[in-house]
Every structure is written in C-alpha cells, then in structure tokens.
Amino acid sequence: MTDTDATPTEVPVADADWWRQATVYQVYPRSFADSDGDGLGDIAGVTSRVPYLAQLGVDAIWLSPFYPSELADGGYDVADYRDVDPRLGTLADFDDMVAAAHGAGLKVIVDIVPNHTSDQHVWFREALASEPGSPARARYVFRDGLDGGATPPSTWPSNFGGSAWTRLTRPDGTPEQWYLHLFAPEQPDLDWSNPEVRDDFKATLRFWSDRGVDGFRVDVAHGLAKDLVEPLRDANPKDFGLPTDGSDPLYDRDEVHEIFQEWREVLDEYDPPRTAVAEAWVARERVSLYARPTELGQAFNFELTRAEFDPAEFRTIIESNLELAAESGASSTWVLSNHDVVRHATRYGLPATTDGDAFLLSGGTSPELDRATGLRRARAASMLMLALPGSAYVYQGEELGLFEVADIPDDQLQDPVWIRTEHGLKGRDGCRVPLPWDTSSPAFGFGTHEPHLPQPAWFADSAVSVEEGDADSTLSLYRRALALRHQLQRGEDLTWVDDDPAVVHFARHDGWHSVTNFSTEAAALPEGEVLLSSGPVETPAGGAAQLPGETTVWLRVR
C-alpha cells in the first residue's frame, strides 16, 4: 500500500518502523557548522548542511543537546528543556531545521537528558532559595550529611571524579545540606520518585513531538531510579560491574522501567509513534529490558566501541546482540564512535597492547599511532557495521576518516573530566573538535571565526572539499556504502559462513554477502560480483580474487 492509499487512521508500516534499519547521523551541534561566525556551531549551521547529510545517504539526524546550558558538560547540563540555547539559535531556527530535514527525507532525533538538570535550571534555583524539606528541594536529591553534617551522606562517586555530593553554603557562610550529582556539581540529579518530575518530562516529550521531532535519544537512561531509603547503601564498585538483578542503588534499577512505560504511552499518542533509544551502560542481559516495545523500543549496543579489531570478538558481539534484539522485539543498534569515546580510526591504529581510551584520555599525543593501519581498519569495520541488520549510528566526522585530536593544549580543554580529575585525564574533547569542511575557508569551513576547540593542521587532508574530489576517499566510500545499504538492506537476520577464523563472513539475503578479513594476510574471496570494497581487491594473474588484509568486501554470490 502506498502513502496515498492510507486512510488518516492508518500508519504505513514503512513510516512506523523507519527506525529499525535506519542509518542515524549524530550531530554534536556546537562542533558541526557555525553559521554566525562566533566560533560555536549552531542550529542554522545544521540546516545549512542538510543537503550534505541527504547526499551522504543517512536516514536521520540525531542532535546532541542544543538547549540553554552553561556548558559544564558540553550541553548535557540543561537549563531549559523546551528551548534552544540563544548562542545556537531560536525555536524558529529549530523549526526551520526540522522542516529542511523532513523536506530532504530525513528524520530528526533529539537528545533528552532526564537524570539531571543544570544548576541554572529554574527548579534548582528555587531549591537553593528554599529550606530543607520544601517541595522545591523534593525535585532533587538533598540529604543531611553524616558526622554532624560534615561528611557526605554516602560514598557514592561522581562519574567525573570525586564525590557525587556537594554541600551547600548559605550566604552567611553557614554550611547546610548536600545535593547529589552523579556527574558534575553543575548537574544536580533529579528525584524520579517525585510525580512532578515525571509529569514535567512527559510534557517535554510532547513539546518536541508537537514540533515534528521523530524520536529521542535518552541520556543515562539507566540512572533515573535510585534507592534513596536511608541509610544510603554503598554503590557497587565500577570495576566489578553492575549487578544483574536490578539491585544497585544508583543504576539499572528495576523501578526505572515504570518510568519508561509511562513514556511509551506518551510516544504512542503520535501517528506514527515517536521512537526512542536508550543510552544504558548495563550488563548485556539487561539491555533488552529498555528496548521492549512497551518501553523505549530500542537501546544502544556499545560493545563495538570497546572491542579490539579482532574477528572472534566482533562475531561474539554481533551474535549476542542479535539474540538480545530478537528477545526484546527491537532491532539491533551498532556504534563504532560517538561523542563520548575515542574515534575508532585512532583506536584501531594504536598497538594492540594500548588501551585507546586510557592512552588518549591520560594525555597521550599518539606517537605510537599508525594512521594507515587505523584508517584501513576503520573503513573495514564501518563497512561491516553497515552490512549488519538493525540501526547503524554514524558519529559526525567518521565518514571523513577523522582521527582523535590528541594534542589540544591544556588551557583549551573543556571537558569536566579534565577539571574533576585534577588534570589527570584529558577527557573527551578530542572527538568533539569542529569538523573540517573546506580548506579554502577560515576554520576549515566550520565558520568565519576561530572555533571553540582548536583544529589541527592535518584536518586539511580530511576536509569534505578534499574528499569529495577523491573517488577513493572515506567520504566516497560511505556514500557508496549507504546508497547500497538502501538498495540491499531488508530483514533482520543473517547467516554465518565459516570459512576462515580470521574472516567474519555472513550472508544477508538474495545472495548479498559481507566478508571482512581481520588478518594482515590476504584471504580467499568467494566467487561473486564485488559490489563494494573498503580497499583495493587483489586479483592475481590467472588466479582467483584475493581479499587483502584488514579489508571488507560486499559481494553478490550467485
């Protein structure tokens, strides 16, 4: 049935289920495109690049936070959930961006940050001006300290280092209660047992859905429900991993699913229903709970962001996550890079004994980085990911083969991790540097002013204007891969082909195969029509085609 055949009460299956096989492009707005020359990316900048994203071949744009914020955590400290940061534009600019995206056939997903607000949020300012026990403070987690108030209420740690508690001080210098912040002190945690908090966020979901937003990415989805019964229990040490019975006092508690069941009711008020995907760093067997159709409907699988370039590890991750998706009724999600992790071209270019995140977050300037190897592996891994059933998430710049920017001067670092660890960890700024668009323009075409994070000279080789003219560039590879993905992708299963332990080979349907050689040595390539390869395919004189090391090929086997 076509759209024109549908009655107003019917939802075409393709529309309702667009997210199941979508390629979603993550935009970090402050580093994407600057339209007004202030050095900060903005909403109008995103609008100006919608034609680029449409040509790239993605299905949806996901915007990281663009709300009013003091940028204590790159915008994840939200001061107003129903507005646009004035430095990034206006609600009218946002509406124009949505209209442009929809006009180009792209869906729009926005970040929602429900675990905590900014300390500049009107609710928290009211709480600071109120007395202990007041309704204003009941929206957050305030507690008296131990040892006469001098010691934090518990040993709970902040994800950014130090204690998760900060003590208030009255204007006259008198110390009083402590408030909880699982991240920066500028990000006070909300108390989700409070009905007012629940109702307000449902209103926020409706606000953006009414403006045409197609879905939501839910930040720290596993952190909303907390065991706040006193005395407060110690949290499970991170090194031990979260318990799998929902009993941790801070994360992945069973009660969180009551919240998302309420959200699903709101999202289903719309036609087609709005989508949602959970950012939930939980045990593998717990991920599917967030992805149930009665809750958010989909959850991120982050395992590939931490995987070595290893065939057995990739296959295990793929198998287990396809099983989990089938259990929940969702489709799988695949991610190689995002705004919180070291770019995968860099991870794959470091020696096997080097942990990419630890190396760069601690200030490494990557003298050990083998760029040729990193890029070759990144291209191969990206093609493998795009061949998998489910949703593929592409982080801005990975289509250019960008590496982590590891040498940002200390005085220009912005990540709160840098501050909270007393300059022990550099944080995530290296993957958030503004994109290079054009080598002939200031700031590599990002804008007309010096960008908020410095761009390295080597960006000149990876600018869009350079890669567009190169048929062998990573940008050209992504464009061809995404065009083929639209033609080929259907169904949510695959069949493994076991022919070489160094090769990850699977068949999808209609004779479409994806074959990735993780070895540095050439491997046999099945006979068939090569549709696309991440690198040159070798065909010895008089012999069968060979699959070079660290290369992926899509082919049609007859």
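## A walk through the predicted chain

In strand β6, Leu180 is the bridge partner of Trp165. Four bridges join β5 (residues 165-169) to β6, and the two strands run antiparallel. Five residues lie between the strands of this hairpin. One of them, Gly173, takes a positive phi near 95°.

Strand β6 has another partner. Strand β4 (residues 142-143) pairs with β6 over two bridges, again in the antiparallel sense. Here Arg143 has Trp178 of β6 as its bridge partner. Strand β6 covers residues 175-180, and five of its six residues are buried, so the strand is largely enclosed by the rest of the structure.

Now step back to the whole chain. Its secondary structure comes to 15 helices and 17 strands. The radius of gyration is 24 Å, close to the 24 Å that the globule rule gives for 558 residues, so the chain is as compact as a globular protein of that length. Along the principal axes, the C-alpha atoms fill a box of roughly 85 × 60 × 45 Å. Of the 558 residues, 59% count as buried. The accessible surface comes to about 21500 Å². Carbon and sulfur atoms hold 51% of that surface.

Take Ala60 first. Ala60 sits in strand β2. Its relative accessible area is 0%, so Ala60 is buried. Beyond residues up to four places away in sequence, Ala60 touches Trp18, Thr23, Val24, Tyr25, Leu106, Lys107 and Ile109. Lys107 is 47 residues from Ala60 along the chain, yet their C-alpha atoms are separated by 4.3 Å.

Phe309 is the other case. Phe309 is found in the loop between α8 (284-290) and α9 (311-328). Buried here means under 20% relative accessible area. Phe309 has 12%, so Phe309 counts as buried although it belongs to a loop. Leaving aside neighbours within four places in sequence, its contacts are Phe314, Tyr348, Arg377, Ala380, Ala381, Phe518 and Glu550. Glu550 lies 241 residues from Phe309 along the chain, and the two C-alpha atoms are 9.1 Å apart.

Next come two helices. Helix α4 runs over residues 91-103, which makes 13 residues. From its first C-alpha to its last, α4 reaches 18 Å, close to the 18 Å expected at 1.5 Å a residue. Which residues of α4 are buried? They are Phe94, Met97, Val98 and Ala101. These four cover an arc of only 100° around the axis, which puts them on the same side of α4. They pack against α2 (43-48), α3 (50-56), β2 (60-63), β3 (107-112) and α6 (195-210). Strand β2 is where Ala60 was found. Just after α4, Gly105 takes a positive phi of about 85°.

Helix α7 covers residues 256-267. At 1.5 Å a residue, its 12 residues should span 16 Å, and the end C-alpha atoms are 17 Å apart, which agrees. The buried residues of α7 are Val256, His257, Ile259, Phe260, Trp263, Arg264, Val266 and Leu267. Seen down the axis, they fall within an arc of 160°, so they line one face of α7. What covers them includes β3, α6, β7 (215-218), β8 (275-278) and α8. Both β3 and α6 were also named among the elements that the buried residues of α4 pack against.

The last stop is a sheet further along the chain. Strands of a sheet pair through backbone hydrogen bonds, either parallel or antiparallel. This open sheet has five strands in the order β11-β12-β13-β17-β15, with antiparallel pairing. At its edges stand β11 (495-496) and β15 (529-533). Each edge strand has a single partner strand, so one side of each is left without a neighbour in the sheet. Inside the order, β12 (residues 503-507) and β13 (residues 512-517) pair in the antiparallel sense over five bridges. In that pair, Ala507 stands opposite His513 of β13.

Conventions:
Residues are numbered from 1 along each chain as its sequence is written. This is a predicted model: local features need pLDDT of at least 70, side-chain atom pairs count only at pLDDT 80 or more; totals for chains, interfaces and linings use all residues. Side-chain values use heavy atoms; hydrogens and water are left out. The expected span of a helix is 1.5 Å times one less than its number of residues. Buried means under 20% relative accessible area, exposed over 50%, partly exposed in between (1.4 Å probe, protein chains only). The arc is that of the directions from the helix axis to the C-beta atoms. Contact means heavy atoms within 4.5 Å. The radius of gyration is taken over C-alpha atoms; the globule rule is 2.2 Å times the number of residues to the power 0.38. Accessible areas come from the Shrake-Rupley method with a 1.4 Å probe; for residues, only the protein chains shown count as cover. Two strands pair if DSSP finds at least two bridges between them.
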